[in-house]
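The following exercises are to be worked through with the sequence and the structure in view. Each task is followed by its solution in steps.

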Amino acid sequence: MKDIPRLRFASLPTPIERLPALSASLGISLYVKRDDLTGLAFGGNKTRKLEFLLAEAKANGAKTLITTGAVQSNHCRQTAAAARRFGFECILVLVVPPGEELESYQARQPSGNLLLDRLFGVEIVWAEQKNRDSTLQAVFQSAWDEGRRPYLIPYGGSSPAGASAYVYAIQELMSQGVHPDWIIFPSSSGGTHAGLEAGARLFGCKSRVMGISVDETAAVLSQRVASLAVQTADFLSEKLKIFPAEIGVNDDYQWPGYGVLVESEIGVILEFARKEGLLLDPVYTGRAAAGMVDMVRKGVISSGSSVLFWHTGGTPALFADRYSQIA
Ligand SMILES: *Cc1c(COP(=O)(O)O)cnc(C)c1O
């Protein structure tokens, strides 16, 4: 595998912990890979990706990082933190949730990730879903015209450079000596999923890699992940052939839509907190954990299996006003 540029600032390897109480109640051996502890402003999966994305930005001579996400985007919060740490300017294009008024959002007190974006003092440009891409394009163009040397980090940091972080994360997992039957995690822009899938193949990891879709149908997500996994391998000078039908995706739990918290998710967030003292987040890991528990109950994950739940972070969203109904 080709060595690619990387800045090292994540706290790695992240710990793997066994969850005894939940293991007993679910009848499986449940482990959690603590990527909520990667460091950089409360951690999460984007810290790993940003090690590669920032190296690429630096190599390109960039001065300004531009990216986009939802108001409670962990990716945007972590990009803002990374920009501050490594001396980049940063512009975030934040998209208000569907049905919300742009103006009323701007007027509100910031909470959760948005509060942290403000704390980092980066530039924020607001958009609605329907004009997100045109806004992003316009922001990039004007930064370019002003000589600010922008580098565009795609949604979720899911470029081949970003996704390659999770190829290495599989190598890290294997070196920790844990070989679970299943690897379960939330999947959205697909970079984590693509990296894990490519990594499992390149390093001969036998676990079933299963992404719980947060906001897409399996048809869309598996296509995206397969194609990004191939591109990511290519980026690392490796050849892989991966078809969408080979991607492990479960889209049974995405129906409420992105960021919409439902009862089963609140239930699992409370259960993890109260049985294990472990915090899940209301957008990603809450959905994935609720899906995992349902898969165990239905026997899709058979009893006695060893399951590694890959905790991708996102916990600052627990402090968002939007989710104050949790407890
Ligand atoms: C971004 C994010 C994900 C999804 O990762 P993708 O690589 O975008 O699929 C999962 N969990 C958390 C907490 C995230 O912030």
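**Exercise 1. Determine how far an oxygen atom of the ligand is from an N or O atom in the side chain of S189.**

Solution. Step one: the distance from the ligand oxygen to the side-chain N or O atom of S189 is 2.5 Å. A polar contact is a pair of N or O atoms within 3.5 Å. Step two: T192 places a polar side-chain atom 2.7 Å from a ligand oxygen, and for N45 the corresponding distance is 3.1 Å. Step three: of the ligand's own accessible area of 380 Å², the protein covers 98% (Shrake-Rupley method, 1.4 Å probe). Step four: the ligand is surrounded by 16 residues, the closest being K46, K49, S189, T192 and T312; a residue is counted if one of its heavy atoms lies within 4 Å.

The model is a predicted one, in which local features need pLDDT of at least 70 and side-chain atom pairs count only at pLDDT 80 or more, whereas totals for chains, interfaces and linings use all residues. Residues are numbered from 1 along each chain as its sequence is written, and side-chain values use heavy atoms, with hydrogens and water left out.

**Exercise 2. State the order of the four strands in the open sheet, and identify what packs on the sheet.**

Solution. Step one: the order is 5-4-3-6, with parallel pairing. Strands (E, at least two residues) and helices (H or I, at least four) are DSSP runs numbered from the N terminus, and two strands pair if DSSP finds at least two bridges between them. Step two: strand 5 (123-127) and strand 6 (150-152) are the edge strands, each pairing on one side only. Step three: neighbouring strands are turned by 25 degrees on average, direction ignored; axes are lines fitted to C-alpha atoms, for helices over the stretch in contact, and angles run from 0 to 180 degrees between N-to-C directions. Step four: strand 3 (residues 64-70) is joined to strand 6 by three bridges, and I66 has L152 as its bridge partner in strand 6. Step five: helix 6 (residues 132-145) packs on the sheet and touches strand 3, strand 4 (89-95), strand 5 and strand 6, contact meaning heavy atoms within 4.5 Å.

**Exercise 3. Find which side chain meets that of R34 in a salt bridge.**

Solution. Step one: the partner is E17, at 2.9 Å from N to O. A salt bridge is a side-chain nitrogen of Lys or Arg within 4 Å of a carboxyl oxygen of Asp or Glu. Step two: R34 belongs to strand 2 (residues 29-34) and E17 to strand 1 (residues 16-18), 17 residues apart. Step three: the structure holds 19 salt bridges.

Technical notes. Polar contact = N/O pair within 3.5 Å; in protein donor to acceptor, adjacent residues only side chain to side chain.
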